[in-house]
Amino acid sequence: MVCPRCIMVVREELEKLGLPVLEVTLGMAAVGENAEVDEAAIEAVLAKKGFELLHDKREELIESIKVAVIQLIYSEEISSLTTNVSTYLADKLGKDYSTISTSFKTCEGIALSRYIVVQKVERIKELLTYDELSLSAVAVKLGYKSLQHMSRQFKEVTGITLNKYKNEGGTDRQTIDNLY
C-alpha cells in the first residue's frame, strides 16, 4: 500500500469480511485480537484490488523500505532532512543501512539508492505537471542541494531535461508502486 486511497480500500475490504479493523497504515493492517482471520479470504479479496498479503520477514522489510522512502519523498520532512537518506532509513527501520540495502537489492533487483532516485524523479514529474513551483523551488522541496544535481538525476532517469519535460506537458507519469 503506498497511498491514502490504498489504506481506505484495504480497510473497506477487511471490514466487508467482518473483521474488526483497529488500524490500517501504509503496509500494515491490525485487527482485533479475538478476530477469526481467514488468510485465504483476505488474500483473495486483496488480490482482486491489486494488493498482496506478505508472508515473510524479508517481504515485510522490503515493503517497509518502500513505504518509508515514499513517505519521506512525499512529506515536507525531506526538505529539512539534516542527515542523508540512508541514515534516515536506518533510523526509521531500526536496522543498519547495509542490511536494508542488501535485502532490497536481493529482492527487488535494483539498488536502493537507484530506487530512491527513481521515486524522487517521479515526484519531480508530478510537481512539474502541477506547474505551481519553479524548478529551484522543486529542488528545495525535495531536498536537493542544487538545481543542477536535480537536473542531472532527472535527465539520467528520463533521458530528457527538466525544461523539455515541463514544456511537453509531462505525459509519461507512472504509478509510484511500480517504479524501477
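Student: Which residues of helix H2 are buried?

Tutor: Let's begin with two words. Helices (H or I, at least four residues) and strands (E, at least two) are DSSP runs, numbered from the N terminus. Buried means under 20% relative accessible area, exposed means over 50%, and partly exposed is in between, using a 1.4 Å probe and protein chains only. In helix H2, residues 39-48, the buried ones are Ile42, Val45 and Leu46. They sit on the same side of H2 because they cover an arc of only 100 degrees around the axis; the arc is that of the directions from the helix axis to the C-beta atoms.

Student: Which exposed residues are on the face of H2 turned away from its buried side?

Tutor: That face carries Ala40 and Lys48, both exposed.

Student: What do the buried residues of H2 pack against?

Tutor: For this we need contact, which means heavy atoms within 4.5 Å. The buried residues of H2 pack against helix H1 (4-16). After H2 comes Gly50, with a positive phi near 90 degrees.

Student: What should I know about where the model and its numbers come from?

Tutor: This is a predicted model: local features need pLDDT of at least 70, side-chain atom pairs count only at pLDDT 80 or more, and totals for chains, interfaces and linings use all residues. Residues are numbered from 1 along each chain as its sequence is written, and side-chain values use heavy atoms, with hydrogens and water left out.

Student: How many helices and strands are in the chain?

Tutor: The chain has nine helices and two strands. Read from the N terminus on, the order is α-β-β-α-α-α-α-α-α-α-α. The C-alpha atoms fill a box of roughly 55 × 35 × 30 Å along the principal axes. Of the 180 residues in the chain, 35% are buried.

Student: Which residues have the most contacts inside the largest nonpolar core?

Tutor: A nonpolar core is a set of buried Ala, Val, Leu, Ile, Met, Phe, Trp, Tyr and Cys residues joined through side-chain atoms within 4.5 Å. Here the largest one has 34 residues, and Ile65, Val69, Leu112 and Ile124 have the most contacts inside it. At least two residues of this core come from each of helix H3 (57-73), H4, helix H5 (97-108), H6, helix H7 (135-141), H8 and helix H9 (162-167). There is also a second, separate core of 11 residues, which includes Leu14, Val21, Val24 and Leu46.

Student: Is Leu89 buried or exposed?

Tutor: Leu89 is buried, with a relative accessible area of 0%, and is found in helix H4. Leaving aside neighbours within four places in sequence, Leu89 is in contact with Ala68, Val69, Gly94, Tyr97, Ile100, Leu112 and Ile116. Counted in the same way, the contacts of Val69 are Leu89, Leu112, Tyr115, Ile116 and Gln119.

Student: And is Val140 buried or exposed?

Tutor: Val140 is exposed, with a relative accessible area of 55%, and lies in helix H7.

Student: How many cavities of 30 Å³ or more does a search of the whole structure find?

Tutor: Rolling a probe the size of a water molecule over the atoms shows where empty space is left. On a 1 Å grid over the protein atoms alone, a cavity is a set of points where a 1.4 Å probe fits but cannot get out, and a pocket is an open set with protein on both sides within 12 Å along at least five of seven lines; lining residues have an atom within 4 Å of a point. Grid points are joined across faces, edges and corners, and a volume is the space filled by probe spheres set on the points. The search finds one cavity of 30 Å³ or more. The largest cavity holds about 30 Å³ of space and is lined by Ile73, Tyr74, Ser75, Glu76, Arg123, Lys141 and Leu142.

Student: Which residues lie nearest the centre of the second largest pocket?

Tutor: Its lining has 20 residues, and Thr83, Asn84, Val85, Lys120 and Gly143 lie nearest the centre. H6 gives the most to the lining of this second largest pocket, with four residues. The volume of the second largest pocket is about 420 Å³.
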